[in-house]
Amino acid sequence: TLKQHNEKLANQQSKLDAASTAIKALEGTWESDYNAEVAKYNEATYNDFNTKYTALKDTYSKAVSLITKISQTSYAADFVKDLQEVTGENGIYSYAEKIRTLKSEADTKYTATEVGKIFDENKEYAKTASDYKTTIETLLASYTDKVNAFAISKYETAYNKAEAAYNKAV
């Protein structure tokens, strides 16, 4: 009969509606869980970058402080200002702007990252901060080697005379 048929259809429609609601709930849960995991990943990636950025900034500050102290000594002032490790196009001083730009770009990208989207998937910001730090350390080591060699050559004669006088006195 028609009534029974309509009741069957209504029952089936009710089951379909319940299944559809359950599927939508699962989709919502899956999306919510996915977005939460992506947010955790993004935060960890950003925090890793900031840790490396802080180490980079500290390395840069220490390098500039050492260069400043050495350049204030009478024997090294003129020598220091011409060293490519310090003032060259890719010298230590050139990293001030590179560091500011890196931080600004990372902050902007992190802030603009949409829900469910990955921030810095290949961790390029953290890698760049580490690379900059290593480069500054390498430049500083080369710089200090040159300053030490300059100081030794400049004062070697005086040192030899003082050493000879000391040995003669002993």
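**Close-up views of the aromatic residues and the nonpolar core**

At 15% relative accessibility, Tyr125 counts as buried, because the cut-off for that class is under 20% relative accessible area. The model shown in these views is a predicted one.

**View 1. The ring of Tyr125 pairs with that of Phe49.** Seven aromatic pairs are counted in this model, and one of them is the edge-to-face pair of Phe49 and Tyr125, with 6.0 Å centre to centre and 65° between the planes. The pair links distant parts of the chain, with Phe49 in helix α1 and Tyr125 in helix α5, 76 residues apart. Phe49 is itself buried, at a relative accessible area of 0%.

**View 2. Tyr95 and Tyr132 form an edge-to-face pair.** The ring centres lie 5.2 Å apart and the planes stand at 75°, and the pair joins helix α4, which holds Tyr95, to helix α5, which holds Tyr132, across 37 residues. Tyr95 is buried, with a relative accessible area of 7%, and Lys98 lies over the face of its ring, 4.2 Å from the ring centre.

**View 3. Ring pairs link several aromatic residues into a cluster.** The cluster is made up of Tyr46, Phe49, Tyr53, Tyr110, Phe119 and Tyr125, and over the face of Tyr53 lies Lys103, at 5.1 Å from the ring centre.

**View 4. The largest nonpolar core has 25 residues.** Phe49, Tyr60, Ile92, Ile99, Ile136 and Tyr143 have the most contacts inside this core, to which α1 (2-71), α4 (95-112) and α5 (124-169) each give two or more residues. Leaving aside neighbours within four places in sequence, Tyr60 is in contact with Ile92, Tyr93, Tyr95, Ala96, Ile99 and Ile136.

Conventions. Residues numbered from 1 in each chain as written. Predicted model: local features only at pLDDT ≥ 70, side-chain atom pairs only at ≥ 80, totals over all residues. Heavy atoms only, no water. Core = buried A, V, L, I, M, F, W, Y, C linked by side-chain atoms within 4.5 Å. Buried < 20%, exposed > 50% of the residue type's maximum accessible area, 1.4 Å probe, protein only. Helix = DSSP H or I, 4+ residues; strand = E, 2+ residues; numbered from the N terminus. Contact = heavy atoms within 4.5 Å. Phe/Tyr/Trp six-rings, centres within 6.5 Å; stacked < 30°, edge-to-face > 60°. Lys NZ or Arg CZ within 6 Å of the ring centre and 35° of its normal.
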